[in-house]
Amino acid sequence: MSAIRSKMKMRGVAICLVAALVLLGAGSLWAAPQPKAGGEIKVRLNTDITSVDPLASPAMVNAVVLNHVFEPLLAYTTNLKIVPVVAQSWEASKDYKTYTFHLIKGKKFHNGAELTSEDVKFSVERMMNPKTCARAKLFTGVAKVEAVDKYTVRILMKKSSPGFPNSLAYVAPVMAIMCKAEVEKQGGQITHPVGTGPFKFMEWKPDRHVILEKFAGYKGQSGARDGMGGERVAYLDKVTFLPISEESVAVMALVNKEVDLVHSFPQKYMKKYKSDYSKQGMVVQEVAGLVWVGAHFGVTRPVVDNLKFRQACAYALSIKSMAKAAFMGYATINPSAIATANQYYTPYFKEWYAPDMAKAKQLLKESGYKGQEVVVDTTKKYSYMYRMAVAVHAQLKALGVNAKLNVIDWPVLLKKHLKGQSQIHTFGAAPMPDPALAYAYLKRNKFMEVYPEAEKLRQEAMATADFKVRQKIFEKIHKICIEQVPWVISCNYNYLNAFRDYVHGYQVLSTGMPRLWGVWLSK
Amino acid sequence: MLKYILKRIIYLIPTIGMVAVMVFLLIHMIPGDPALVMLGNDATPQDVEALRDALGLNQPLYQQFFLWVGRVLTGDFGVSIHSKVPVLTSIADRFPVTLSLTTLALVFSLIVSIPSGVLAAVKHNTKSDYMFMLGTILGVSVPGFWLGLLCLLVFSVQLGWFPSTGFVAIWENFWEGLRYLLLPAVTLGLFMAAVVARMVRSSMLEVLRLEYVTHARAKGLSEWKVINKHALKNAFAPALTTIGIQYGMLLGGAVITETVFSLPGLGKYLVVAINMRDYPVVQGCILFIALVYVLINLVVDLLYGFFDPRIEYK
């Protein structure tokens with residue numbers, strides 16, 4: 001009997017052991033793959049960078065590269081909250097006239113020098129100087145920068161500036177904290193950038209490549225990676241950016257594994273991706289971006305200065321059709337200047353005109369329109385602007401407007417846009433996490449001059465940091481946009497990022513900015 | 001001969017001067033503002049004006065012109081508005097890439113065009129001649145942009161023989177560099193090959209009908225010697241003019257090829273500069289290309305004497 005019992009006991013132990021082994025094995029199968037350090041990633045740039053000085057140009061492409069080399073004081077999280085990067089913590093005075101930053105102690109530049117408040121003071125003063133910073137206007141409100149002690153910096157504002165942290169977290173150019181000694185050594189003209197980022201600059205061969213390497217001495221934030229905030233762990237040994245301007249060539253290079261990541265995958269290749277590329281080890285991630293695209297009306301230009309004409313257009317233009325024409329469906333319908341990913345976004349911003357051709361025709365008649373030519377300006381430099389203009393032109397024709405499509409060079413369109421010289425033009429606006437800055441676009445088509453109440457509201461939003469109050473103000477501005485139709489915003493286009501399946505940890509951000517820390521390779 | 005060369009070099013001065021005026025006026029006449037492009041789409045009009053002042057773009061046009069010409073005469077082509085890199089430095093970095101591409105395209109086109117042109121003339125009005133004519137029409141008609149993409153799709157993606165992107169200079173690693181240059185060179189050289197081949201064919205047809213060729217045959221010379229030693233040498237002078245002009249045009253064609261194949265050459269640099277209204281770069285590059293073009297023509301003129309001893313240089 002005892003022998004049987006002992007046999008049963010043995011069997012029980014054996015079963016338990018087997019079960020434990022099975023569970024252990026299964027456990028290792030179920031566990032997420034562990035990040036692996038090393039390797040090189042090749043990333044496509046849609047054009048070459050223009051400078052290695054982070055402040056010299058607002059070109060997004062420069063920020064894409066230099067965002068890995070330099071770090072700002074503050075940055076946006078995934079849902080566009082502002083968090084510290086170079087600073088350990090920061091606080092604003094109650095009147096929003098003083099900002100104090102407590103720096104991370106022992107943080108090193110790539111040349112081995114320790115980051116101190118003197119570097120931050122020097123960098124912010126460089127941001128304030130129009131000769132050294134392409135967006136110096138964001139810092140015109142700064143009165144003084146003080147290095148309080150080795151690790152504390154104070155920025156004093158001329159007046160209450162609750163929106164100022166947005167300037168420090170600006171996306172492009174990256175408001176980089178630079179090494180004072182290094183910039184002075186290079187005579188002010190940056191040829192070899194030295195930052196505090198997780199990757200250090202190695203080489204830029206114009207039109208050939210930009211090479212970065214892992215910075216072993218990196219010290220940064222702790223906490224989960226969130227947008228541009230949180231920890232910045234570099235697993236990759238080397239990052240090579242390759243400028244490939246032709247998008248079809250970029251796709252071929254990705255198929256050929258000559259590049260590993262294309263961070264602006266063309267929509268027209270999505271069909272091919274679904275049928276073929278997805279089976280060949282390619283992955284595409286999609287996220288709604290912050291760039292808002294639509295048709296802007298020059299509210300002081302002939303014909304378009306008539307409110308009823310603009311309202312007729314609003315009824316005639318289907319924002320869904322505009323988005324479909326421009327982005328083949330890879331867009332998030334949004335008739336407002338506030339991106340769906342923005343923390344200020346509420347369902348109210350969905351409000352817009354439902355397409356109604358009968359109402360549109362009635363309003364057109366009431367406007368007294370007599371068949372004058374209405375020019376729709378666009379450019380082919382950004383093909384989505386052109387495609388959207390074609391849709392706008394066709395819908396205006398259907399309404400009975402004598403519309404003329406005018407394709408012009410990008411610099412010409414930009415000039416007309418800034419001076420409000422177009423009757424109607426299609427445009428994609430730069431990512432603006434702060435809606436108060438986004439609505440400043442209404443100055444360009446002269447709407448703020450014609451309708452100063454909107455500008456007054458915008459200024460009110462600039463003057464307060466109260467989230468709820470600001471949200472209400474932005475809703476009011478959107479209401480004015482619905483009534484006055486200074487533009488017909490169609491959508492936020494979705495960022496499509498394509499990469500090989502051996503690339504792990506990559507996540508598309510709504511700012512469109514690739515982020516290569518936390519990314520590792522399993523090849 | 002030396003007197004002739006000197007005379008031609010003196011003639012270059014007004015030619016280059018005209019090019020300088022044309023380039024300067026054209027680029028400044030195109031609407032669009034470099035300050036605007038540089039500042040991006042969220043710049044304010046005040047920012048733009050301030051930058052225009054800083055770049056000297058608010059000065060009268062004639063002042064800007066003379067300032068630029070004065071600098072060019074001292075060998076200073078100016079500094080890029082966007083990258084702040086001296087234009088001459090960028091040209092020196094990029095021209096070797098364009099030169100290696102166009103030279104390889106020239107070699108390819110000559111290897112293809114001369115034998116095929118001769119063969120078509122010799123086999124006049126036969127199936128081979130008709131096939132040749134069809135081939136040259138295709139070569140002239142196919143757009144370089146489309147051909148480049150097709151080559152990439154077939155030889156790079158499907159067959160994996162050549163890289164689809166990237167660049168290695170042939171002076172850094174010859175064989176690897178050749179891998180990167182071969183497809184672009186074929187794409188660029190095909191048009192020239194077709195044009196030169198047609199020219200060789202028609203010149204050969206004319207020469208083959210001349211009495212001295214019949215005489216050479218009557219002497220009992222082999223057909224190989226008649227064609228290559230007697231007919232081709234005489235028929236080559238008109239083809240040489242075409243080659244000279246076409247080689248100059250390759251520099252222009254390189255603009256598209258370099259863009260498709262992502263080559264860091266002068267053409268791609270120029271395209272980006274035009275789009276960004278980077279005046280000093282556009283002016284510098286076009287002036288440089290014009291200079292190369294006229295120098296190539298000078299070399300071609302000097303080569304005439306080698307192929308046709310009747311030509312004298314005075």
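This is a chat about the predicted model shown above.

Reader: Hi! What should I know about the numbering and the model?
Author: Residues are numbered from 1 along each chain as its sequence is written, and chains are lettered from A and ligands numbered from 1 in the order in which they are written. This is a predicted model, where local features need pLDDT of at least 70 and side-chain atom pairs count only at pLDDT 80 or more, while totals for chains, interfaces and linings use all residues.

Reader: Switching topic: what is the strand order in the open sheet of four strands?
Author: In chain A the order is β4-β5-β7-β6, with antiparallel pairing. Two strands pair if DSSP finds at least two bridges between them.

Reader: Why is one side of β4 and of β6 left without a neighbour in the sheet?
Author: β4 (87–92) and β6 (142–149) of chain A stand at the edges with a single partner strand each, so one side of each has no neighbour in the sheet.

Reader: How many bridges join β4(A) to β5?
Author: Five bridges join β4(A) to β5 (residues 98–103) of chain A. One of the partners in β5(A) is Thr100(A), which bridges to Glu91(A).

Reader: Last topic! How many residues of chain A are in contact with chain B?
Author: 35 residues of chain A are in contact with 38 residues of chain B.

Reader: Which element of chain A gives the most to that side?
Author: That is α12(A), with seven residues. On that side of chain A, β10 (238–243), α6 (247–255) and α12 (410–419) each supply at least two residues.

Reader: And what kinds of residues are on the side of chain A that touches chain B?
Author: They divide into 19 nonpolar, eight polar and eight charged. Ala, Val, Leu, Ile, Met, Phe, Trp, Tyr, Cys and Pro count as nonpolar, Asp, Glu, Lys and Arg as charged, and the others, Gly among them, as polar.

Terms used: Contact = placed C-beta atoms within 7 Å.
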